[in-house]
Amino acid sequence: MDPSIFSCNASSYDLPTFLLTGFPGLEASHHWVSIPINLICIISILGNSTILFLICTDPSLHEAMFIFLSVLAASDLGLCASTFPTMVQLFWLGARELSLDLCAAQMFFIHAFTYVESGVLLAMAFDRFVAIRDPLHYASVLTHSTMAKIGAGILVRAAILNIPGPVLLKRLTFPPVSILSHCYCLHCDLVGLACSDAKNNSFFGLVSILLFLGIDSTLIIVSYVLILHTVLGIASPEGRFKALNTCVSHLCIVLIFYMPKLGLSILHRVEKHTYPALAVLMANLHFLVPPFMNPIIYCIKSKQIRQGLLRRFWQKRVETS
């Protein structure tokens, strides 16, 4: 392939093509290397689909915490659907090429579902605070109407923060062929490949991240500070332990959601070029681990979820017998 087509000095920018990147140095073993990643994707889809179906069909789970969990499962499914196709395309079919329109669409959905998940985690932190601070009025505070408004706000915010990205991206010029850093399209990656001035795109990305990671993570921390203050005011040790135990699942999911982002950011700044395959693996796990772990954590920690699964399993056995 002519090296000039990767350069901004190339004469044609009409229909840029983006090349997905797998594991550098392991191209011959992509099928084998990708097997664990594909298994994680499949288990994530099955796990979140099960959680979503169970909560939607079991009236005993129509409480605020589980309704938020169902939205979290739906966003995880959306995230898997946004990343899995290009992984299969690259690792199993050997197809690397994406058009600008497809790349921009994938970028939008990846970031949008990530923002939805962050918003749901913040809503779940508020849910835990209300449940511990004022359990007697929990049902009256978090009514179905209130949860619908919170859910609508989360979706509207995700759309508003992400619609400008593809629009601004279409105004940029790119070389005829650009090599992406991952096996999917991300805003920061695409902006870095542009030949034209991308200051507006970079500013939009910075503002979006601050309104997403900055505000959400800060408010989650504030919620847990208030929760801890409330728990310390409970007289009995058993009561304090019981109250904190209701937050374990959510706290684990928060850490699983935010820690890979921090680790990937550090890796990109320190060892990205030294260990490129590790950087790609971390980038993939960054989007795959939360959808994979969320159903497992709630199945282990939530008695209601376990009982709902057992009821469904027992009902199925009765029907088949």
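User: Let's start with salt bridges. How many turn up in a search of the whole structure?

Analyst: The idea to hold on to is a side-chain nitrogen of Lys or Arg within 4 Å of a carboxyl oxygen of Asp or Glu. Keep in mind that this is a predicted model. Searching the whole structure gives three salt bridges. One of them pairs K170 with D101, with the closest N and O atoms 2.4 Å apart.

User: Which parts of the chain does the K170 and D101 pair tie together?

Analyst: K170 sits in the loop between α6 and β3, while D101 belongs to helix α3 (residues 100–133), so the pair links parts that are 69 residues apart in sequence.

User: And are K170 and D101 buried, partly exposed or exposed?

Analyst: For that you look at relative accessible area: under 20% is buried, over 50% is exposed, and in between is partly exposed. K170 comes out at 46%, so call it partly exposed. D101 has 49%, so it is partly exposed too.

User: Okay, what about the pair D127 and R128: what is the N to O distance there?

Analyst: Their side chains meet in a salt bridge at 2.8 Å, N to O. Try the cut-off again: D127 has a relative accessible area of 1%, so it is buried. R128 has 9%, so R128 is buried as well.

User: Which residue does R157 meet in a salt bridge?

Analyst: R157 meets D216, and the N to O distance is 2.8 Å. R157 lies in helix α5 (residues 144–162) and D216 in helix α8, so this pair ties together parts 59 residues apart in sequence. At 22% relative accessibility, R157 counts as partly exposed, whereas D216, at 1%, counts as buried.

User: Now helix pairs. How do I describe two helices that pack together?

Analyst: You use the angle between their axes and the distance between the axes. Here, take helix α1 (residues 30–57) and helix α2 (residues 64–91): their axes come within 9 Å and cross at roughly 155°. Angles over 145 degrees count as roughly antiparallel, and α1 and α2 are therefore roughly antiparallel to each other. The crossing of these two helices is left-handed.

User: Where is L172 found, and how far in space is it from A194?

Analyst: L172 is in the loop between α6 (164–169) and β3 (177–179). L172 and A194 are 22 residues apart in sequence and 6.3 Å apart in space, C-alpha to C-alpha. With 9% relative accessibility, L172 counts as buried.

Technical notes
Residues numbered from 1 in each chain as written. Predicted model: local features only at pLDDT ≥ 70, side-chain atom pairs only at ≥ 80, totals over all residues. Heavy atoms only, no water. Axes fitted to C-alpha atoms, helices over the stretch in contact; angles between N-to-C directions. Helix = DSSP H or I, 4+ residues; strand = E, 2+ residues; numbered from the N terminus. Parallel < 35°, antiparallel > 145°, perpendicular 65-115°, else oblique. Left-handed = near helix turned anticlockwise from the far one by under 90°. Buried < 20%, exposed > 50% of the residue type's maximum accessible area, 1.4 Å probe, protein only.
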